[in-house]
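Q: I have a model open and would like to learn how to read its features one by one. Can we begin with charged side chains?

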Amino acid sequence: RPAAPPPTVEDAAHIAVGARCQVEPGARRGVVAFVGLVPELAGEGVWVGVRLDEPLGKNDGTVKGRQLFQAPANHGTFVRPKNVEIGDFPELLDDDLDDDDEL
């Protein structure tokens, strides 16, 4: 089975820098901070850089010494456009997650 072609700019046309989003895997939420090519990452094609709300990422927007966007440590991630859902995703607060556990 041939490999799928790398994602193109058209695949990311609906993704705008500054948009709120949710990233899979993990339903991580954040803001789109970068859309474009990242030769420093394995794999060709377009990547989406996301500044996550929580420290669930692997970087600070820097890849192999090249800063593509600014984020606190472990708040940055790069994913493929198919893994980004744009929408009105509010920041999750710890209080929102614990309401069902209180008696």
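Q: How many salt bridges does a search of the whole structure find?
A: Side chains of opposite charge can pair when their charged atoms come close. Here the search finds 2 salt bridges. A salt bridge is counted when a side-chain nitrogen of Lys or Arg lies within 4 Å of a carboxyl oxygen of Asp or Glu. This is a predicted model, where local features need pLDDT of at least 70 and side-chain atom pairs count only at pLDDT 80 or more, while totals for chains, interfaces and linings use all residues. Residues are numbered from 1 along each chain as its sequence is written, and side-chain values use heavy atoms, with hydrogens and water left out.

Q: Which residue forms a salt bridge with Arg20?
A: Asp53 does, with the closest N and O atoms 2.8 Å apart. The pair links distant parts of the chain: Arg20 sits in strand β1 and Asp53 in the loop between β3 and β4, 33 residues apart. Strands are DSSP runs of E with at least two residues, numbered from the N terminus. Asp53 is partly exposed, because its relative accessibility is 23%. The classes are buried (under 20% relative accessible area), exposed (over 50%) and partly exposed in between, with a 1.4 Å probe and protein chains only.

Q: Where in the chain are Glu40 and Arg66?
A: Glu40 lies in the loop between β2 (28-37) and β3, and Arg66 in strand β5 (residues 66-67), 26 residues apart. Their side chains meet in a salt bridge at 3.0 Å, N to O. Glu40 has 22% relative accessibility, so it counts as partly exposed. Arg66 is partly exposed too, at 34%.

Q: In what order do the strands of the open sheet stand?
A: Strands of a sheet pair through backbone hydrogen bonds, either parallel or antiparallel. In this model 5 strands form an open sheet in the order β6-β3-β2-β1-β7, with antiparallel pairing. β6 (76-79) and β7 (84-86) are the edge strands; each has a single partner, so one side of each lacks a neighbour in the sheet. Neighbouring strands are turned by 45° against each other on average, direction ignored. That angle is taken between lines fitted to C-alpha atoms; in general, angles run from 0 to 180 degrees between N-to-C directions.

Q: How many bridges join β1 to β7, and how many pair β3 with β6?
A: Two strands pair if DSSP finds at least two bridges between them. β1 (residues 20-23) and β7 are joined by 3 bridges, with Gln22 partnering Glu85 of β7. β3 and β6 pair over 4 bridges, also antiparallel. There, Val48 has Val79 of β6 as its bridge partner.

Q: Are the faces of β6 buried or exposed?
A: Both are covered. Gly76 and Phe78 on one side, and Thr77 and Val79 on the other, are all buried.
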